[in-house]
Structures are given as structure tokens and as C-alpha cells.
Amino acid sequence: MKKMNIIRLGGVGALCALLTACPSPPPPAPMGLTFTFPDTPAVDTLRLSGVAFGANGQYLQTIGYGGYLGSSPGNVANRANVYLDGYSLQNLQKTACLSPFKGGETDGMRDVVVSPENVQTCNVYFVIYNDLNRNGQPESTEELYQTHSIYSYASEAFTYSFTSADGRTTESGARRKGWSLVAHEVRQPSATPGRYVVTMNSVPEADERLSVRLHEPTNRLISQGTPLGGTLGGTLGGAK
């Protein structure tokens, strides 16, 4: 029996050695996203960035290569791209950006249902700002345009729903495992005036190449706009 125990332990040790020799997981695929926004003077401090937050909504880091959008004096900008490289996304997953979805993104909401409940997410938000102090970090007084659509990592595929604290909005969504573009859409059904229906779903991978519209800061639970890459708008709303 003692000899058998030694053999078993040796086998476990060999297995551990093999496991530690395994390479780390490859980084996620890089992503290039296109954004459109109202004509804006292309001053040399105009910047488009992705932004990640940590615990309690504290600024964590700027991510993505969009850079400064300035050009010749008198020109305007209304379209820009952000490139998110795979290694930066992989590193972001290891920071305080990754946190439980329930109690995080659902903080302050009612009737929260998340399945599975222990899923974790990490979100990248996008903003155009006038980087007056050139520190590469958007501040509230510098922000010009935003979008409520996000580039989001989920530890596993999940669905959720909740009702806003004031009861005026119901939100639901389905996100796939890994990184995906999550489109924010708002509807205001004519049958229920003053009530809003919000969805935040991972878009099909083919649609991640569609442009995302940036707009002036708004309340994400009631704001309305245009769908990804589209021109529809009016009272029905869409992705913003």
C-alpha cells in the first residue's frame, strides 16, 4: 500500500509539472471600432478613448488607440476609430475592472435577475473629450460626447433583467462569453407613455464593424438615438 501511495503521488507531481509548463491562454482577438459624432472643431486637444473603471466606479485606465483627432485649423471631425489590442484587453481582465455583474452594474436597481448569478464583467466605455491638460484621462469638465454601447468582457455567457429604482424603465440583456460589442437600445412603447424598455445585447460578430454613434451625455435608462451603423431615430430610439 505504501508503494502504491508513492506511485500515485509521483503521478500527481508529474501532472502538476506538466500543467505549469502549459503556455498561458492566447490573448483575445484585437478589435477596431468606428465611431461617428456631430461635427466638432478638430482642435489639437480633441481625443477619442476607451475608458475602464474599477471598484466604486473609480477611473482605472484609458485603453485603445484613437489618439488626438486634431488637424489643420478650421477643420472639423465627425468620424474616428479606436483600436483595442488583444494584450491590453487580456491585461484589463486581470485588474479591478473585472467584478461581479450582480451588485455592480445592477447597483440600485429593483427586481434583479441574473443567470448565472456569479458572472463577472469588465466594461470599456467610449468618450470624446477635450484633453485640455493633456493627461490622456477624460474628466467630467472635458467630456463632449459619449455612447452607452460598450465593449464588454463576460466570464461566461449570461442573461439578466431589472427594473430601475423609479420603476419607469425595464432593462434586459444577453451577453456572450468573452469580449463583445454590447449595443444599447431604448424603446418607448406608445402603449405605455413615460415607460422605457432598454436592451443591452452582444451584437453578432459581423455587426461589430458597424459604426457606433456618439452623442452628448444623457441618461442611459431613457436616452434614445440611432441603431449601430444606421440612420433610424425618432421616437422609437435605438443604439447609442
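A close look at one residue

Mentor: Q146 touches F126, R213, L214, H215, E216, P217 and T218, leaving aside residues up to four places away in sequence (contact means heavy atoms within 4.5 Å). The model is predicted, so local features need pLDDT of at least 70 and side-chain atom pairs count only at pLDDT 80 or more, while totals for chains, interfaces and linings use all residues. Residues are numbered from 1 along each chain as its sequence is written, and side-chain values use heavy atoms, with hydrogens and water left out.

Q146 belongs to strand β8 (residues 143–146); strands (E, at least two residues) and helices (H or I, at least four) are DSSP runs, numbered from the N terminus. Its relative accessible area is 14%, so Q146 is buried (buried means under 20%, exposed over 50% and partly exposed in between, with a 1.4 Å probe and protein chains only). The side chain of Q146 is joined to that of E143 by a polar contact of 2.8 Å. Such a contact is a pair of N or O atoms within 3.5 Å; within protein, one must be able to donate a hydrogen and the other to accept it, and residues adjacent in sequence count only if both atoms are side-chain atoms.

F126 and F35 form a tilted pair, with 4.9 Å from centre to centre and 45° between the planes (rings of Phe, Tyr and Trp, the last by its six-membered ring, pair if their centres lie within 6.5 Å; planes under 30 degrees apart are stacked, over 60 edge-to-face, the rest tilted). This pair links distant parts of the chain, since F35 is in strand β1 (residues 31–41) and F126 in strand β7, 91 residues apart.

The structure holds one disulfide, formed by C97 and C122 with their sulfur atoms 2.1 Å apart (the cut-off for cysteine sulfur atoms is within 2.5 Å). The cysteines are 25 residues apart: C97 is in the loop between α2 (86–92) and β5 (99–100), whereas C122 is in β7 (residues 120–130). The S-S torsion of C97 and C122 is about 100°, so the disulfide is right-handed. C97 and C122 are both buried.

Strands β1 and β4 run antiparallel and are joined by eight bridges; G32 stands opposite Y83 in β4.

Strands β10 (residues 158–163) and β11 pair in the antiparallel sense over six bridges, and T163 has T170 in β11 as its bridge partner. Their hairpin has five residues between the strands, and G167 takes a positive phi near 80° there. Four bridges join β11 to β13 (residues 196–202), and these two run parallel, with T170 opposite V197 in β13. In β11 (residues 169–175), T169, E171, G173 and R175 make up the covered face, and T170, S172 and A174 the uncovered one.

How values were computed. Pairing = 2+ DSSP bridges.
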